[in-house]
Amino acid sequence: MWVTMREQGHFDEENWNEGCSIASLPGEGICAAVSASAVVEPHGTCSVVFALAWASPKVKFMKGSTYFRRYTKFYGTSVDAATNLAHDALMDYQRWETEIENWQLPILNNEKLPEWYRFTLFNELYYLVAGGTIWTDGGLPVEEDKDKMSCSQKRSRKKENKAENKAEVRVTVSVETDHTNHVAEVQRLNGYNGVADTDFNALQDQNFENCGQRTEMNSGSSTDYDYVLLADEENVGRFLYLEGVEYMMWCTYDVHFYASFALLDLFPKIELNIQREFAKAVLIEDKKKVKFLAEGNWGIRKVRGAVPHDLGLHDPWLEINAYNIHDTSQWKDLNSKFVLQVYRDLVATGDMTFGKDVWPAVCASIEYMEKFDRDGDGLIENDGFPDQTYDTWTVHGISAYCGGLWIAALQAASAMADKLGHKEYAAKYTRQFQRAKAVYEEKLWNGSYFNYDSGTSNNSYSIQADQLAGQWYAWASGLPSLFDENKIRSALQKIYDFNVMKVRGGRMGAVNGMHQNGKVDETCMQSREIWTGVTYGVAATMLHVGLEHQAFTTAEGIFLAGWSEDGFGYWFQTPEAWTIDGHYRSLIYMRPLAIWAMQWALNPPKAVLEAPKINLMEREHASQFHAGLAAVAEAFKHVHQNGPCSCSSSQSGCSWKCTC
């Protein structure tokens, strides 16, 4: 091929008439090339456009489940679809480029924003492509030709489909609305994960009828039941992306908590579908035994009521929770993060069908967490091991991070119950919120920030950069402040002064832990690390309360260390973390997508801005006004008694005048 090009400068024209090439055999290498000639006048220009496309209609996971990719909904499942893909690219690429520019230019040309922020915001989106992304057509697994299966695959399939595990599962989902009662049924035979054992009878112990949705299951075994699309719902496919190319688990949920702002802002239907997947997973149980590496103990893969850590790896959706370092059913952040995310997504999209779909899982998630309130004071306690996303950083007693998430989740659950018309649940969660909030402040507030935890270890008084994660989500969802705003500002300023500015002059981001004496918390690997996505999240929290200088200085440290010419050279492979001497951990990671939380704070959706500002501390008095709201914030007459105003009107983007 190259000899021809060197001697003739082009390929023989008869090649065009030879038809399609012969498909390659396994292990055989092939190549292809095209050439074009053009005459360019002096000082003239000429563009030659090439398109490269390939058709790979199926994605097959290690344990055998195979799905069609999303594009096959539009181009079919034949490998010959590559021709049409290339054709459409050549015909439409100019329109695509124009639409991309129309999307990006309002931000890129906004000189009120720092230059580094404008392009880093878009550059961090590389991960949505580079993060092992898989988007299926939303259908059931494809039946493979059994004759073409390898011997090892046959043995594996035979082992997993023992007769005693071939239980049929019928799922009936009834969604009640004001006007209709949709009932849909789906039957499927448990195939690839026959070792699971779902405790369906136990689900009936939950009184989900009061949640507005009924879920009934007969005895059987499965770790997945397929979401049934109702007549008016759109199939947007099923979406997976990895936690990182080194931490290979699909849709790791404690990290998605940070990254999800990008999907919600740009691909909201995909974001809602991911949340639906986790909502389903909350209500199931997989009793397959798993050994947890950190403690060396055994447990079951998935506990009913616990939000899973991830959607699996080798057989996603069917075999969830690939993570096995700790027993994540004992983690104290996942359930709260689920409640916070689904409420934020409900408010941002206004999709009440989504809200009703996930409400039973919200109820179950809150109820599951109540067992971690060991002393009955309304606030959950951590159990003396790394039982949250910081999975090497031990927590004792009440945690600023997990406790704050729990308080925020109770506030969000109350607001969601009110929005869906479940007044009793709204009142219940309000009472829990009030009790937990009082204990949290009493145990952790030290006058300038919230202590790391309520224990007596040498890092219990550390300044944690992520201590206000719950407050961040409350503001991102249009909810009022969890605490007095002076306390919030004080804590954020402390984080800025110590975790940010005392580390290389603020040029590296926010270190996770910092002692009061200005020394980095060296308790463990993660306490001394700077987490890129957490830094963006902290900056977003600062933006919500109007601390713009502190916010952009904090986030710029990630740009300077990771993206600038003088940094460590991590562009388009932003790691999860680095240390103050520049050593990274886990390149190409999901969490840095949290930079889109900064954009969310700068330009929140109209629905979030107009979300009714209900003060949960006075919920019983304010609820009578809530029913008559027309979703316009200016029409809302805020009722307040005693203490400072809770409307947070000083936060960035608040567009209504407080009438306190």
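This is a predicted model: local features need pLDDT of at least 70, side-chain atom pairs count only at pLDDT 80 or more; totals for chains, interfaces and linings use all residues.
Residues are numbered from 1 along each chain as its sequence is written, and side-chain values use heavy atoms, with hydrogens and water left out.

**Overall picture**
- You'll find 20 helices and 16 strands here, taken from DSSP runs (H or I, at least four residues, for helices; E, at least two, for strands) and numbered from the N terminus.
- Of the 660 residues, 53% are buried (under 20% relative accessible area, with exposed over 50% and partly exposed in between, 1.4 Å probe, protein chains only).

**Salt bridges**
- The whole structure holds 22 salt bridges (a side-chain nitrogen of Lys or Arg within 4 Å of a carboxyl oxygen of Asp or Glu).
- Glu277 pairs with Arg238, with the closest N and O atoms 2.8 Å apart; Glu277 sits in helix α9 and Arg238 in the loop between β6 and β7, 39 residues apart.
- Glu277 is buried at 8%, and Arg238 is buried at 7%.
- Asp383 and Lys332 form a salt bridge at 3.0 Å; Asp383 is partly exposed at 31%, while Lys332 is buried at 0%.

**Asp377**
- Asp377 lies in the loop between α11 and β10.
- Asp377 is buried but has no salt bridge, and Arg435, the nearest side chain of opposite charge, is 6.0 Å away.

Definitions and conventions. Lys and Arg count as positive and Asp and Glu as negative; His and the chain ends are not counted.
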